[in-house]
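Here's a quick tour of a model, told through its confidence scores and two local spots. Have the coordinates open as you read.

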Amino acid sequence: MLQGGSHPLIDRHRASALAQLKAEGLPSRKVERYKYTDVRAMLEPDFGLNFSRLPLRFDPRSLYRCKVPGLGSTLHYVVGDMVEHKTGGQQDGSFFVGSMTEFAKRSPELFSTYYNKVGGDSLAALNTMLVQDGLVIWIGKGHKADNLIQVVNLSVGSVPMMANRRQLIIMEEGAEASILCCNHSSTAQPHLATEVVEAFLGEGSHLQYYQIEDSAEASSLLGTANFVQQGASRLDYASVTLSGGTSRRTVNVSLEGVGADLVMSGLVIADGSQHTDNNLLVTHCAPGCHSDMLYKYILDGSSTGAFAGKVMVRPGAQQTDSQQTNANLCVSPQAHMYTQPMLEIYADDVKCNHGSTVGQMYEAALFYMAQRGIGPDEGRLLLQQAFAWDVVLRIGLLPLRQRLMSMVEERFRRGTSLCGDCAMCQTPNS
Amino acid sequence: MPQSQDNALVRDIANRDYEYGFTTDIETEVIPRGLNEDVVRLISQKKGEPQWLLDFRLQAFRHWLTMQQPTWGHVDLPPIDYQAISYYADPRGRKRQGNSGEIDPELQKTFDKLGIPLNERLALSGVAVDAVMDSVSVKTTFREKLAEKGIIFCSISEAVKTHPDLVRQYLGTVVPYRDNFFAALNSAVFSDGSFVYIPRGVRCPMELSTYFRINAINTGQFERTLIVCDDGGYVSYLEGCTAPMRDENQLHAAIVEIVVCQDAEVKYSTVQNWYPGDRQGKGGVYNLVTKRGLLRGDRSKLSWTQVETGSAITWKYPSCVLKGDGSSAEFYSVAVTNNHQQADTGTKMVHLGRNTRSTIVSKGISAGRSQNSYRGLVRVAPQAEGSRNYSSCDSLLLGNACGAHTFPYIDVNNDSSVVEHEATTSKISEDQLLYCNQRGIPPEEAVALIVNGYAKDVLNKLPMEFAVEAQKLLSVSLEGSVG
């Protein structure tokens with residue numbers, strides 16, 4: 001059944017993925033990297049899978065059209081795990097954005113070279129086993145993509161569904177692109193998305209990759225992203241969680257070429273019973289690489305935040321320069337934060353540091369504002385915004401940064417980050 | 001530093017010798033190798049223990065049989081054949097019967113050579129010593145003087161006989177036998193160790209010290225130390241240890257339990273210098289220890305200070321459970337690894353009481369082909385309102401074949417506590433070296449100066465008697481290259 005609806009080059013990885021899944025099993029909380037997230041509980045509901053590959057009965061553009069003002073972007077829709085056909089197959093000789101099936105037909109060799117090259121743990125194997133289609137973004141040698149590539153992942157439907165999303169990003173030498181992925185759900189039904197992103201950054205390429213999670217509390221996400229960077233490439237990665245149910249993101253970055261540069265940022269704003277777990281592994285394999293990580297959490301209600309960030313410096317990766325900061329605000333007595341910043345270093349000529357804090361808002365600053373007529377509620381809100389903006393300010397695209405600032409403010413003021421423009425925002429979680 | 005000097009430094013560090021590696025030729029009674037219930041009963045019988053303690057041992061042993069040796073540490077611990085070890089070795093053996101109170105001259109000589117004063121003529125040293133070789137306590141000094149203040153300082157075997165109620169009240173309350181694999185093993189077969197009781201309101205007039213020495217071949221050491229500091233008491237306790245150089249690995253699986261009552265203060269300092277193995281990584285002691293303090297009373301204080309230079313494998317986390325409101329704990333550590341040594345060490349600070357405070361300062365120095373890891377947990381319970389922790393973990397790398405790792409865990413469960421952690425890893429600063437060289441300080445002395453300065457924060461926390469030894473040990477570790 002699984003092999004009926006997708007390309008044979010996708011199908012041929014299923015058997016080995018199933019074997020891996022059988023051998024390793026799904027991770028339990030006894031596995032160190034999954035200590036804070038109960039993956040098995042996330043998979044417990046009886047989810048439906050879209051094997052029949054029926055065409056979409058609606059136009060997702062009518063439902064969701066959150067374009068970032070001032071930023072020319074091309075929108076690409078993925079509904080559940082269906083890549084909308086209208087989006088698919090943008091291609092000239094220098095770039096392609098479209099469905100995996102389409103790309104595998106057009107460039108089978110290129111697809112085979114990169115698809116499932118990095119692999120991952122049993123959760124990535126689960127996705128490889130079940131995935132039907134996904135999105136490929138290929139940027140040719142030296143090509144600079146002018147427009148922002150905006151990928152909209154939508155979860156809709158009146159029954160519990162599981163979507164297995166996949167992205168394959170290939171940046172050839174000297175290529176440049178900016179990608180924004182918006183995850184949005186409009187259903188009170190439990191929806192689970194497994195997601196695997198594989199990105200290969202060639203020599204001297206530059207990728208800006210941003211994710212915004214703005215989903216309903218019933219939704220859950222099991223994401224794995226693997227980025228492989230060649231020499232002198234640069235990756236700007238940011239993940240902003242404005243709302244969501246239970247999410248677990250594993251991000252692995254491998255700096256394999258000399259002088260590769262990585263900037264990673266993360267912002268989590270959570271309340272209610274939301275659970276957000278970011279697990280990062282940055283591996284410095286080559287000399288002279290730089291990595292800079294900043295993750296911030298603001299936890300309200302009885303939400304839970306987990307952060308694990310490991311920097312590994314392999315033997316020979318001399319002149320490594322790495323910084324990692326994880327700062328967290330618990331603004332409710334029931335909020336829980338678990339953090340694990342880690343260093344594993346096998347080379348001596350390195351400069352690595354990390355810092356982690358869990359605390360509250362600065363009372364003196366609140367007092368200062370109170371003296372100037374800003375009440376405690378407004379004062380807290382301003383401080384929270386300022387705390388969050390440290391992350392937003394690291395986003396390279398100015399219009400997107402401004403948009404995010406307003407969404408963050410909206411999130412703090414009204415508990416929602418909806419734009420109000422489109423149908424989905426006007427009837428959230430219906 | 002120029003490459004050639006850098007290499008010379010690393011080579012010299014790797015070439016240092018272990019000066020406590022001699023053996024003592026003394027008649028020792030060793031029970032046959034192997035571990036089963038009969039061995040547990042035999043140990044208990046040899047020590048003349050009451051039934052309740054035998055039951056405790058047997059319970060622990062039965063639980064140990066259900067457990068697996070843990071593998072989560074960042075150490076490559078080879079499988080240990082627990083049936084190939086002898087669990088009881090008594091160096092006094094047959095000589096003891098005819099000559100009670102006096103110790104064998106060979107033993108006296110051994111401890112003299114180690115610089116441990118067993119003779120009270122050295123009263124000026126101001127340290128009372130409990131000397132433990134293999135499975136038995138050889139001698140405890142200054143007992144009478146301490147007894148005048150009501151302080152009990154003796155071997156735990158003796159305390160079981162003379163103060164059974166106290167031992168029974170506290171034994172296993174801080175580290176229960178179910179705690180972990182090595183704690184269960186120790187609880188089943190523990191041999192000797194020290195027992196300290198500081199009565200209410202008494203400030204111990206001198207440093208108390210226990211010196212552990214493994215001598216017999218193919219034995220393990222499983223000592224157990226229990227320190228109870230009653231309300232308003234104070235004690236500073238020192239622990240030292242060495243072992244002979246042998247090609248076989250030796251197992252050391254100890255438990256240290258500390259109970260700190262209201263307004264009491266305990267300072268626990270360790271200079272760990274077990275045999276680390278040779279330059280190829282052959283031999284050495286596996287130091288797999290559970291150390292924990294329970295800050296039971298309000299405003300109680302506990303400070304762990306450790307200098308770790310020995311052992312082939314060190315796997316330990318001296319911990320504090322801050323239960324009393326307003327209690328405070330400190331952990332200061334310098335861990336030096338060289339050649340093929342592996343260390344996975346750090347601390348746990350579990351905040352249960354309100355307004356509790358903890359500080360962690362850890363300095364790791366890696367050389368040769370060694371692996372040095374800091375692993376720490378700071379947990380703030382929901383009821384531990386207003387708690388505060390600060391952790392700082394620095395690692396220094398001397399050589400490109402070694403590793404330095406940091407694995408902190410921070411769990412915060414309320415909105416009124418503040419936890420801060422920071423860590424850095426680097427090699428010795430070129431700028432600092434250049435600065436020293438410009439002022440006529442040769443490279444090796446400059447490195448020595450910088451390393452000593454780097455560890456100073458921790459060394460300063462040691463009692464004077466130990467600080468001298470620790471500094472000596474550190475300079476021996478870096479001898480030839482850094483002064």
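Housekeeping: residues count from 1 along each chain as its sequence is written, while chains are lettered from A and ligands numbered from 1 in the order in which they are written. This is a predicted model, so local features need pLDDT of at least 70 and side-chain atom pairs count only at pLDDT 80 or more, whereas totals for chains, interfaces and linings use all residues.

**Confidence**

The predictor gives the complex an ipTM of 0.85 and a pTM of 0.87. Chain B averages a pLDDT of 83, and 80% of its residues score at least 70; pLDDT is the predictor's confidence in each residue, from 0 to 100.

| Stretch of chain B | pLDDT | Contacts in the model |
|---|---|---|
| residues 1–7 | below 50 | 4 contacts |
| residues 96–100 | below 50 | 0 contacts |

**Chain B and B:L295**

Chain B comes to 11 helices and 23 strands. Those are DSSP runs numbered from the N terminus: helices are H or I with at least four residues, strands are E with at least two. Of its 483 residues, 56% count as buried. Buried means 20 or more other C-beta atoms within 10 Å of the residue's own, exposed means 12 or fewer, and partly exposed is in between, again with C-beta atoms placed from the backbone. Among contacts in chain B with a separation of 6 or more, 84% are between residues 24 or more positions apart.

Now zoom in on B:L295, in strand β13 (residues 284–295) of chain B. B:L295 counts as buried because 32 other C-beta atoms lie within 10 Å. Leaving aside neighbours within four places in sequence, its contacts include B:V260, B:L302, B:C320 and B:S327. B:S327 is 32 residues away along the chain, yet the two C-alpha atoms are separated by 6.7 Å.

**Strand β6 of chain A**

Why is β6(A) (residues 135–139) largely enclosed by the rest of the structure? Because 5 of its 5 residues are buried. A:L135, A:I137 and A:I139 sit on one side, with A:V136 and A:W138 on the other. In a regular strand the side chains alternate between the two faces of the sheet.

β6(A) has pairing partners too (strands pair if DSSP finds at least two bridges between them). With β5 (residues 95–99) of chain A the pairing is antiparallel over 5 bridges, and A:G98 stands opposite A:V136. With β8 (residues 161–171) of chain A the pairing is parallel over 5 bridges, and A:W138 has A:I170 as its bridge partner.

Technical notes: Two residues are in contact if their C-beta atoms, placed from the backbone, lie within 7 Å.
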